[in-house]
Number of protein chains: 2
Amino acid sequence: VLEIGGETLILTHDMIAEGVHYRAGTDPADVAWKLVAVNLSDLAAKGAKPIGLLIGASLTEGSERFVAGLREVLAAYNVPLLGGDTIRPEGKASFGCTAIGHATGPVPVRTGAKPGDALWVTGTIGAAMLGFRGEAAHAQAYLRPRPLLAEGQALARHVHAMMDISDGLLLDAARMAEASGCTVDIETAAIPFPHGVTDPRTRDEALRWGDDYALLFAAPPGFVPPVTGSRIGEFRAATAAPLTIDGETPTGPLGYEHR
Amino acid sequence: VLEIGGETLILTHDMIAEGVHYRAGTDPADVAWKLVAVNLSDLAAKGAKPIGLLIGASLTEGSERFVAGLREVLAAYNVPLLGGDTIRPEGKASFGCTAIGHATGPVPVRTGAKPGDALWVTGTIGAAMLGFRGEAAHAQAYLRPRPLLAEGQALARHVHAMMDISDGLLLDAARMAEASGCTVDIETAAIPFPHGVTDPRTRDEALRWGDDYALLFAAPPGFVPPVTGSRIGEFRAATAAPLTIDGETPTGPLGYEHR
């Protein structure tokens with residue numbers, strides 16, 4: 001967050017790399033989409049409106065598909081490409097994107113949730129996982145996530161805390177609670193899973209899977225969100241663990257940890 | 001170049017990759033320095049003052065040396081790290097840097113040279129090449145280039161065109177001339193080679209070697225620069241080639257072409 005001449009700018013930078021963030025053989029057009037979308041999702045979580053992008057791209061086989069996908073995502077979100085750099089890597093491809101946006105109101109943090117606040121989420125949880133696992137109906141959710149820019153802008157002035165879910169609902173909710181000095185209890189019955197996801201094990205996995213780029217936010221009791229959302233939990237005064245699920249402390253990894 | 005709330009922002013993004021921009025085995029501290037320095041050099045060429053940086057970094061063996069070098073270059077140029085991202089690559093390391101600066105006056109372009117203008121350069125040409133080739137006295141010129149931020153800011157309001165030399169003096173001078181619709185004639189006797197570089201072949205190679213990050217600028221006849229500089233040529237009305245050397249059209253590659 002940068003204050004410049006009376007404007008509040010939001011800057012984000014994410015990298016993606018072959019073999020780490022996407023599988024070899026992925027259509028480079030989808031790589032371009034995801035690269036831009038994950039950065040725009042960071043802007044969405046800050047309630048920011050995009051100004052433009054800088055892209056660092058590896059030119060490898062299929063670069064024309066990368067350019068095609070880039071054009072599509074820029075057009076879809078009406079964001080200009082301002083500049084960047086290209087390299088010819090010796091090994092695997094990697095890409096970087098810097099997104100610049102300006103705040104449309106107060107800039108949400110992830111540290112502001114208070115005991116008594118409700119935890120909300122937009123969209124569904126688990127569609128990207130199902131897409132990754134080969135379910136055709138959810139392929140786009142994994143390959144071409146939709147940054148929730150309009151939702152983020154509509155929510156920013158009302159929330160106590162907001163972030164996008166990139167590493168898993170449980171992990172990101174625990175991070176928000178911990179950063180806010182609270183414990184959050186999540187009610188699994190309230191989670192908006194995609195239609196037809198009823199198997200308990202799949203549901204549990206979906207809670208720990210990232211890539212959905214839904215928005216997670218804390219709002220005061222009684223808040224009626226201006227966008228479609230699900231109330232999935234409640235913040236309390238901090239206890240031993242930052243997160244409980246239906247009152248129990250979860251075991252196992254909560255999500256994707258960057259190691 | 002981005003106009004925001006009455007301020008003019010300059011944004012640049014460059015990537016560097018192992019095996020392409022630096023040799024395997026290079027001290028990661030030097031990689032960090034160069035990554036930041038090349039981006040600050042782009043700001044220097046625009047006469048901009050740095051506001052901050054975003055870094056995308058591969059975490060591999062020696063990351064603590066990368067962090068150490070990053071601290072050094074940030075301190076040397078008094079630039080804050082605003083954010084970024086890290087990845088654990090499957091193969092070779094790559095890095096991206098976005099530098100944000102604000103213009104301190106008119107923003108120089110590379111298209112503004114006019115027939116009759118003199119071509120000037122700051123610093124020396126060839127020290128980075130000598131460092132790359134193992135001459136200890138010039139090792140730092142290659143590993144830790146100095147972005148000429150103060151010089152760029154002092155020059156910006158006076159020049160007709162300016163850019164930093166990253167791909168070779170001849171190539172970058174030809175680009176400036178071509179972009180300006182001129183031909184530039186370079187006088188080799190006026191080139192500021194490092195002390196002791198007298199061999200004609202080494203001199204010719206130095207003219208085609210990048211990495212010096214000197215500033216190249218076009219200024220009206222009679223201009224007395226506010227910084228140390230060498231007047232190395234003159235712009236003329238366009239002829240068949242954008243560049244001549246002592247009146248002759250050069251043969252062979254003019255510099256490092258990004259293919």
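How many salt bridges does the rule find across the interface of chain A and chain B? In this predicted model, the rule finds two salt bridges across that interface. In one of them, the side chains of Lys92(A) and Glu90(B) meet, with 2.9 Å from N to O.

Several strands of chain A supply residues to the side that touches chain B: strand S1 (2–4), strand S2 (7–17), strand S3 (48–58), strand S4 (81–87) and strand S5 (94–103) each give at least two. Of the elements on this side, S2(A) gives the most, with eight residues. By residue type, the side of chain A that touches chain B divides into 16 nonpolar, nine polar and eight charged residues.

The extent of the interface can be described both by residues and by area. The contact takes 33 residues from chain A and 33 residues from chain B. The size of an interface is often given as the accessible area lost when the parts come together. Between chain A and chain B, the buried area is about 2800 Å², and carbon and sulfur atoms give 70% of this area. In chain A, the residues that lose the most area to chain B are His13(A), Met15(A) and Glu90(A), which together account for 22% of what that side buries.

Taken as a whole, chain A has a secondary structure of seven helices and eleven strands. A compact globule of 259 residues would have a radius of gyration near 18 Å, and because chain A has 18 Å, the value agrees with that expectation. Along the principal axes, the C-alpha atoms of chain A fill a box of roughly 50 × 50 × 30 Å. Of the 259 residues in chain A, 55% are buried. When contacts in chain A between residues at least 6 apart in sequence are considered, 87% of them join residues at least 24 apart.

Thr183(A) is found in strand S8 (residues 182–186), and it counts as buried because its relative accessibility of 4% falls under the 20% cut-off. Its side chain reaches the backbone nitrogen of Thr239(A) at 2.8 Å. Gly252(A), in turn, is 69 residues from Thr183(A) in sequence and 18 Å from it in space, C-alpha to C-alpha.

In chain B, helix H6 (residues 169–179) has eight of its eleven residues buried, so this helix is largely enclosed by the rest of the structure. The buried residues of H6(B) include Leu169(B), Leu170(B), Leu171(B), Asp172(B) and Met176(B). After H6(B) comes Gly181(B), whose phi is positive, near 70°.

Another residue of chain B, Thr244(B), lies in strand S11 (residues 243–245), and with a relative accessible area of 10% it is buried. Not counting residues up to four places away in sequence, Thr244(B) touches Val184(B), Asp185(B), Ile186(B), Thr249(B) and Pro250(B).

Terms used: Residues are numbered from 1 along each chain as its sequence is written. Chains are lettered from A and ligands numbered from 1 in the order in which they are written. This is a predicted model: local features need pLDDT of at least 70, side-chain atom pairs count only at pLDDT 80 or more; totals for chains, interfaces and linings use all residues. Side-chain values use heavy atoms; hydrogens and water are left out. Contact means heavy atoms within 4.5 Å. Buried area is the accessible area (1.4 Å probe) that two parts lose on being put together, summed over both. A salt bridge is a side-chain nitrogen of Lys or Arg within 4 Å of a carboxyl oxygen of Asp or Glu. Helices (H or I, at least four residues) and strands (E, at least two) are DSSP runs, numbered from the N terminus. Ala, Val, Leu, Ile, Met, Phe, Trp, Tyr, Cys and Pro count as nonpolar, Asp, Glu, Lys and Arg as charged, and the others, Gly among them, as polar. The radius of gyration is taken over C-alpha atoms; the globule rule is 2.2 Å times the number of residues to the power 0.38. Buried means under 20% relative accessible area, exposed over 50%, partly exposed in between (1.4 Å probe, protein chains only). A polar contact is a pair of N or O atoms within 3.5 Å; within protein, one must be able to donate a hydrogen and the other to accept it, and residues adjacent in sequence count only if both atoms are side-chain atoms.
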